[in-house]
Amino acid sequence: AAIESGAARTERDLDAYREELEARLGKSREMMRVVMNKAQSDPKRVALAEGENEKTIRAASQLVEDGIAEPVLIGRRDHILQKTEELGLDFDPVVVNPREGEWTHYVDYLYEHRQRKGLTRTEANELIRQDSNYFASVMVEMGDADAMLTGLTNHYPSALRPPLQVIGTAENANYAAGVYMLTFRNRVVFCADTTVNLDPDEEVLAEVTKHTAELAKRFNVEPRAALLSYSDFGSVETEGVRKPRNAVNILHDDPDVDFPVDGEMQADTALVEEMLTETYEFAELDGPANVLVFPNLEAGNIGYKVLQRLGGAEAIGPMLVGMDKPVYVLQRGDEVKDIVNLASVAVVDAQE
Ligand code: ACO
């Protein structure tokens with residue numbers, strides 16, 4: 001048989017890679033289409049805390065063009081208008097400048113909300129004028145925006161702290177968490193918590209599982225949740241495995257839980273159907289898990305990034321769940337498409 005030339009092999013590999021990439025992107029687009037269509041049916045006002053950022057301006061322009069959201073860019077008007085022109089965008093941005101005008105009602109709100117947490121009026125005034133994450137959080141609280149997006153230019157904890165302090169968690173929630181949706185060729189998984197709770201106990205893990213399952217439903221995915229560990233249903237008895245195991249007990253006792261959930265289990269047990277059904281036929285899951293709840297932030301954050309970079313998943317997130325109002329904190333270095341994706345999710349969140 002003729003020996004295949006290196007060039008032919010490379011060409012073949014490239015074709016296979018292109019096909020794989022297309023399939024993956026196709027799945028991701030399909031998932032986002034559900035959300036974007038919903039967003040377009042009733043676009044909401046989204047405050048973009050980093051309004052002077054070039055990527056934010058591009059994303060805002062696209063959001064308007066696609067009829068997904070009504071973006072409000074927070075920042076200096078002249079800077080934003082100049083950048084819009086330099087970028088050649090045919091777009092008339094809505095801008096709010098915290099440094100212009102009094103914003104007394106925003107300062108009052110922040111001061112009243114945080115005066116017993118050590119904040120003085122002078123400090124409240126400074127935060128409203130100088131930290132757009134506080135400004136955007138109060139804007140959402142006052143009903144002047146329906147959702148906020150931030151995080152491109154700050155470290156994640158610095159961007160997250162203002163909305164946690166000002167907006168806080170929903171009535172039925174005590175903890176926020178960051179969820180990534182990862183799409184592969186033929187499957188989708190929701191990973192949590194990837195960004196917020198450093199060392200969650202069983203109560204936190206149980207709550208995060210519920211929030212993540214709700215989020216999956218928003219993408220028309222029927223959730224099947226697995227609490228992950230290095231142990232399969234009691235195969236190891238150490239302190240670390242008790243938290244996910246106890247979280248499963250909490251969820252099994254909760255009458256509001258209407259989705260299958262089980263664990264503790266190893267990641268491959270959760271994801272490979274035969275491993276689950278042949279060895280652990282008693283498990284509640286009737287198929288591979290699509291909601292993966294990691295035992296702590298190290299595992300969650302490392303796990304989703306390994307899946308994304310080595311497993312070749314398309315990642316959408318981090319989507320912040322458990323908050324009282326829609327707040328989305330991007331990662332530094334995220335791209336325009338990430339902003340547009342999260343803004344779309346934020347609009348659907350605001351609609352609900
Ligand atoms: N859920 C909801 N609210 C919370 C949570 C939580 N998990 N944690 C803290 N809060 C609230 C507190 O109740 C507090 O409210 P209060 O001031 O009204 O009482 C407010 O947030 C601030 O809490 P602090 O304890 O002062 O803030 P802390 O310094 O602990 O910050 C934070 C909280 C930012 C979430 C912190 O836990 C953290 O840094 N987490 C890890 C973030 C991170 O590094 N992620 C990984 C990298 S990011 C990435 O890869 C995208």
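**View 1. Trp103 sits in the loop between β3 and α4.** Helices here are DSSP runs of H or I with at least four residues, strands are E runs of at least two, and both are numbered from the N terminus. What you're looking at is a predicted model, so local features need pLDDT of at least 70 and side-chain atom pairs count only at pLDDT 80 or more, while totals for chains, interfaces and linings use all residues. Residues are numbered from 1 along each chain as its sequence is written, and side-chain values use heavy atoms, with hydrogens and water left out. The backbone at Trp103 has a phi near 55°, which is positive even though the residue isn't glycine.

**View 2. Ring pairs join Trp103, Tyr106 and Phe135 into a cluster.** Phe, Tyr and Trp rings (for Trp, the six-membered one) pair if their centres lie within 6.5 Å; planes under 30 degrees apart are stacked, over 60 edge-to-face, and the rest tilted. That rule gives eight aromatic pairs. One of them is Trp103 with Phe135, edge-to-face at 4.9 Å between centres and 90° between planes. Trp103 comes from the loop between β3 (94–96) and α4 (104–114) and Phe135 from helix α6 (residues 132–141), so this pair ties together parts 32 residues apart in sequence. Phe135 also pairs with Tyr106, this time tilted, with 5.0 Å between centres and 45° between planes. Here, too, distant parts of the chain get linked: Tyr106 is in helix α4 and Phe135 in helix α6, 29 residues apart. Tyr106 and Phe135 are both buried (buried is under 20% relative accessible area, exposed over 50%, partly exposed in between, with a 1.4 Å probe and protein chains only). For Phe135 the relative accessible area is 0%.

**View 3. Helix α6 is mostly covered.** Nine of its ten residues are buried, including Tyr134, Phe135, Val138 and Met139. At the start of α6, a side-chain oxygen of Asp131 comes within 2.9 Å of the backbone nitrogen of Asn133. That is a polar contact: a pair of N or O atoms within 3.5 Å; within protein, one must be able to donate a hydrogen and the other to accept it, and residues adjacent in sequence count only if both atoms are side-chain atoms. Just past the helix, Gly143 has a positive phi of about 85°.

**View 4. Strand β7 (residues 225–228) is covered on both faces.** In a regular strand, side chains alternate between the two faces of the sheet. Ala225 and Leu227 are buried on one side, Ala226 and Leu228 on the other. Strands count as paired if DSSP finds at least two bridges between them. β7 pairs with β8 (residues 261–265) in the parallel sense over four bridges, and Ala226 has Asp262 as its bridge partner in β8. From β7 the chain passes through helix α9 (residues 239–253) to β8, a right-handed β-α-β crossover (with the strands pointing away from the viewer, the path from the first strand over the helix to the second runs clockwise). β7 also runs parallel to β9 (residues 291–293), joined by three bridges, with Val291 as the partner of Ala225.

View 5. An N or O atom in the Arg161 side chain is 3.2 Å from a ligand oxygen. A backbone N or O atom of Ala176 lies 2.9 Å from a ligand nitrogen, and a polar side-chain atom of Asn301 is 2.9 Å from a ligand oxygen. On its own the ligand exposes 980 Å², and the protein buries 66% of that (Shrake-Rupley areas with a 1.4 Å probe; for residues, only the protein chains shown count as cover).

View 6. Most residues other than glycine have a negative phi, and most peptide bonds are trans. The bond joining Ala192 and Asp193 is cis, with omega about -20°; Asp193 belongs to the loop between β6 (188–192) and α8 (202–218). Gly263 and Glu264 are also joined by a cis bond, with omega about 0°, and Glu264 is in strand β8. Phe233 has a positive phi near 45° and lies in the loop between β7 and α9. Phe233 is partly exposed, at 21% relative accessible area.
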